[in-house]
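Me: I would like to learn how to read cavities and helix packing. Please take me through one case.
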Amino acid sequence: MKKILISLLALTMALPSMGQGDVYEKSKTYEWPTDPQVVDKLKNWQDLKFGVLMHWGVYSVPGMVESWAICDEDWVTRDTTMTYQQYKEWYWGLADKFNPVKFNPDQWASVMRDAGMRYMIFTTKHHDGFCLFDSKYTDYTIARHAFRDNPKRDVLKHVLQSFRDKGFMIGEYFSKPDWHSQDYWWDVYPTKRGRNVNYDIKKWPWRWEAFKKYTYDQMEEVLTRYGKVDIFWLDGGWVCKENNQDIDLPKIATMARSHQPGLIIVDRTIHGPYENYRTPERTIPETQLDTPWESCIPLTNDWGWVPRPTWKSPAKVINTLIEVVAKGGNLVLGVGPTPEGLIEPEAVQRLEAIGRWLNKNGQALYNTTITPHYNEGRLWFTASKDGKKCYALYALPDGEQLPATLSWTGNKPKSVRLLATGRKLKAQKQGNRTTVSLPKGLKNEPIALELSL
């Protein structure tokens, strides 16, 4: 059995991380909310620019792709010595091994604050249905298994409070599908519909109504028992009216905002009044957008913790953040805590480096707005809201050296200074073109210039 599991883990850890955009078309238009409180909160969120998205669950125990290994789709590869049912039973059983005895949400919040992040989104429940809160509607929660005797067993409470204490805007991720629920994946039928509900809703309407109630009740739990929530990030966009899996989002939204006025609701990829901002996954839009959006991109190649990750460098993350903000968006960076409940040292090291850079250069990103001429080669431009300043950010790839000069057209400045040090730089202007000489001895990393207009 040990050899089987070793082989099994090798395969599942190699699974590609699927985004829901791979299965159905993403929304192409945006509908502004009409509730003034939602609009105000959305504008506040847009000013924050940089956040963290945390995936943590039973899949963290072996360090494998979150939830997807139990999905019956052609791209999923599993060990051939186990039947599908045996595999699912092994996966569900990971709940009895998920015992994060070093769980330290204060460490998480401190690391993310020091990284320069301003908002957070925590996974309350992924597609596998395992709850990171003490739900009264299921026993499949962290509070009823290996971690049940720990005083912090209601994990969501402690995570949100730790981040709230550090001044973060608070977000909850919630999966609309629930593969553990008998009202979504009913054992009477095989799961031959991939990630979708595995029975005919028209034939068994009472069962779908039971699932709708279960979903509504759990959503109300996470929105009423854990303090103020600003963002409700709904994943699993195939559960929608357009895909004949209607869970009545208007009713849910009414309930949600009755408890959390001004709540930003993100019904991912589903165009309409409940997709308050769009969420391109692992990508950045090709052009600048003037509507709210957020690129969600992991620090490694995976959303959750894996034992042998491929890390993005601090410069890679900073360059991504620069491009995203110049195009009008926010970046939420995926960071997965270890199965023991900590942010691992390799992640901390990279996040601290990002934070040090933002501490010196963040003025060019936080609370800024877009500017018409926003890109020229490796230079990206943002603007202050009062229109008095523009910022030029040079995205330097790893292993390359800063050039001796930076040159661009438009965004013509009266004066230029190096944002990290405040040092004034000499700018030569010829027509509509500006050329700035950089001081010698600068560290080879992305830089930001402040342009007084």
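Me: Which classes make up the lining of the second largest cavity?

Reply: Eight nonpolar, four polar and two charged residues. Ala, Val, Leu, Ile, Met, Phe, Trp, Tyr, Cys and Pro count as nonpolar, Asp, Glu, Lys and Arg as charged, and the others, Gly among them, as polar. The model is predicted: local features need pLDDT of at least 70, side-chain atom pairs pLDDT 80 or more, while totals for chains, interfaces and linings use all residues. Residues are numbered from 1 along each chain as its sequence is written, and side-chain values use heavy atoms, without hydrogens or water.

Me: Which residues lie nearest the centre of that second largest cavity?

Reply: A cavity is a set of points on a 1 Å grid over the protein atoms alone where a 1.4 Å probe fits but cannot get out; lining residues have an atom within 4 Å of a point. Here 14 residues line the second largest cavity, and Thr300, Gly304, Trp311, Gly336 and Glu344 lie nearest its centre.

Me: How are two packed helices described?

Reply: By the angle between their axes and the distance between the axes. Helices are DSSP runs (H or I, at least four residues), numbered from the N terminus. Axes are lines fitted to C-alpha atoms over the stretch in contact, and angles run from 0 to 180 degrees between N-to-C directions. Helix 6 (residues 205–224) and helix 7 (residues 249–259) pack at about 20°, with axes 10 Å apart. Helix 6 and helix 7 are therefore roughly parallel (angles under 35 degrees).

Me: Which residues of helix 6 and helix 7 make the contact?

Reply: Contact means heavy atoms within 4.5 Å. Helix 6 gives Tyr216, Met219, Glu220, Leu223 and Thr224; helix 7 gives Lys251, Ile252, Met255, Ala256 and His259. By class, the contact residues are six nonpolar, two polar and two charged.

How values were computed. On a 1 Å grid over the protein atoms alone, a cavity is a set of points where a 1.4 Å probe fits but cannot get out, and a pocket is an open set with protein on both sides within 12 Å along at least five of seven lines; lining residues have an atom within 4 Å of a point. Helices (H or I, at least four residues) and strands (E, at least two) are DSSP runs, numbered from the N terminus. Angles under 35 degrees count as roughly parallel, over 145 as roughly antiparallel, 65 to 115 as roughly perpendicular and the rest as oblique.
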